[in-house]
Amino acid sequence: MKKIPLLLFLLAASLASATGTVAVLEITPADELDLKISEYRHLTDELRTRAREALPDGYVVLTRDNIISLMPSDAEEAQCLAESCAVEIGRAIGAEYVTQGFVGEFGGMLTLTVELYESMSGNLLGSFVTESKEVMSLLTTIREKAPGLFAKISKPAPSQPVKEQPKELDVASEIAKQPQKIDPQVESIEKKTNTSFWVAVALDVVGAGLLCYGYMQERAATDKFDSYMSLNASSSRSQFGDSWQKVEDASTIRNVSYVAGGIFLAAGIGVHVWF
C-alpha cells in the first residue's frame, strides 16, 4: 500500500477546517501572443495574493502546487480536465469558487479578462476586463480590481428580517396614551352637578344673610321697645303710637327675615343633599 504524500495530508487537513476553498487557475495567453511564461505566471501569483488579502479568515486559496496535486493521477484524464472550463475543474478538485483568466490581443493592445465562478452552480459571480499596451499595466489592474472581485465571495447572504415578538400589552399605559372620550351623558351630569353646587352655595349665602339681617332687626326691635317703655305720662298719645309702631315694624321685619333665611338655608342644604 502506497503512503500518502505529506503535502496531500497537510492539504486535506487544511481543507477540512476551511470555510471555503478558492482555486485561482493559471492565467493563460492566447496562442498568437509572444508572452513569457514567467510573465503570465506572475500575473496569476498576483491574483492569488489579492484573493488571500481580500478574503476573510477561514477561506483557503489553493496554490499552483495544491491544484496540481488535486488533479486526477491519470495523465489522460488530467489532460482532458485541463482542457475543460474552469467550473468543471473547480468541481473536480473540490473548490467552491474558481477563477480563470485570459490574456489576448485586440486592436493592437493586450487584453486581460478575469472571471470568478461558483463551482456547484456554475454562476458567474463577477469579472473584470482591461486593455493595455504593456504587461505591467495588466499587473496594476489586477492589484486595483481583484479585491473588489473577491469581495463578492466574502459578502454574507442577505439576512432575513427578524420578526419582532409581540410585546405584552400594558393595558394601563395604552389607556393612558389614548385620548379619553367623555360620554355626553356623563358630561351633562357633571355640568348639572357643578351648577347645583353653586346654586346651593348661593341659597346658603342668601339664607345666612337674611338670618343676620333678622338678628339685626331683633336688636333694633329691642331698642325701639326700650324707647317705647321710656316714654312718660307727659308724652302724647301720638308719640306712644309712633313708638309702638316702630317696635311692631322691626319685629315684623325680624320675623320675615328669620323665616326667609331659614327657607333659603333649607333649600341650599336640600340641593347639596339631593345632588
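pLDDT is the predictor's confidence in each residue, on a scale from 0 to 100. The views below show a predicted model, in which local features need pLDDT of at least 70 and side-chain atom pairs count only at pLDDT 80 or more, while totals for chains, interfaces and linings use all residues. Residues are numbered from 1 along each chain as its sequence is written, and side-chain values use heavy atoms, with hydrogens and water left out.

**View 1. The whole protein chain and its confidence.** The mean pLDDT of the protein chain is 77, and 71% of its residues reach 70 or more. Over residues 1-18 the pLDDT is below 50, and this stretch has twelve contacts in the model beyond near neighbours in sequence; a contact means heavy atoms within 4.5 Å. Where pLDDT is low, the predicted coordinates should not be read in detail. The protein chain has nine helices and five strands. Helices (H or I, at least four residues) and strands (E, at least two) are DSSP runs, numbered from the N terminus. Buried residues make up 29% of the 275 residues in the protein chain. Buried means under 20% relative accessible area, exposed over 50%, and partly exposed in between, with a 1.4 Å probe and protein chains only.

View 2. Five strands form an open sheet in the order 2-1-3-4-5, with mixed pairing. Strand 2 (59-62) and strand 5 (124-132) stand at the edges with a single partner strand each, so one side of each has no neighbour in the sheet. Two strands pair if DSSP finds at least two bridges between them. Strand 1 (residues 20-29) and strand 3 (residues 97-106) pair in the parallel sense over six bridges. In this view Ile 27 stands opposite Gly 101 in strand 3.

**View 3. The hairpin of strand 4 and strand 5.** Strand 4 and strand 5 run antiparallel and are joined by eight bridges. Five residues lie between the two strands of this hairpin, and Gly 122 in the turn has a positive phi of about 80°. Glu 115 stands opposite Ser 127 in strand 5.

View 4. Helix 2 (residues 37-54) has 18 residues and reaches 26 Å from its first C-alpha to its last, close to the 26 Å expected at 1.5 Å a residue. The expected span is 1.5 Å times one less than the number of residues in the helix. Among the buried residues of helix 2 are Tyr 40, Leu 43 and Leu 47. Helix 2 lies across strand 1, strand 2, strand 3 and strand 4 (109-118), and runs at about 160° to strand 1. Helix 5 (residues 86-93) lies across strand 1, strand 2, strand 3 and strand 4, running at about 150° to strand 3. Axes are lines fitted to C-alpha atoms, for helices over the stretch in contact, and angles run from 0 to 180 degrees between N-to-C directions.

**View 5. The largest nonpolar core.** Val 103 and Phe 150 touch the most other members among the 27 residues of this core. A nonpolar core is a set of buried Ala, Val, Leu, Ile, Met, Phe, Trp, Tyr and Cys residues joined through side-chain atoms within 4.5 Å. Helix 6 gives the most to this core, with eight residues.

**View 6. Thr 63.** Thr 63 lies in the loop between strand 2 and helix 3 (64-70). Thr 63 counts as partly exposed because its relative accessibility is 37%.
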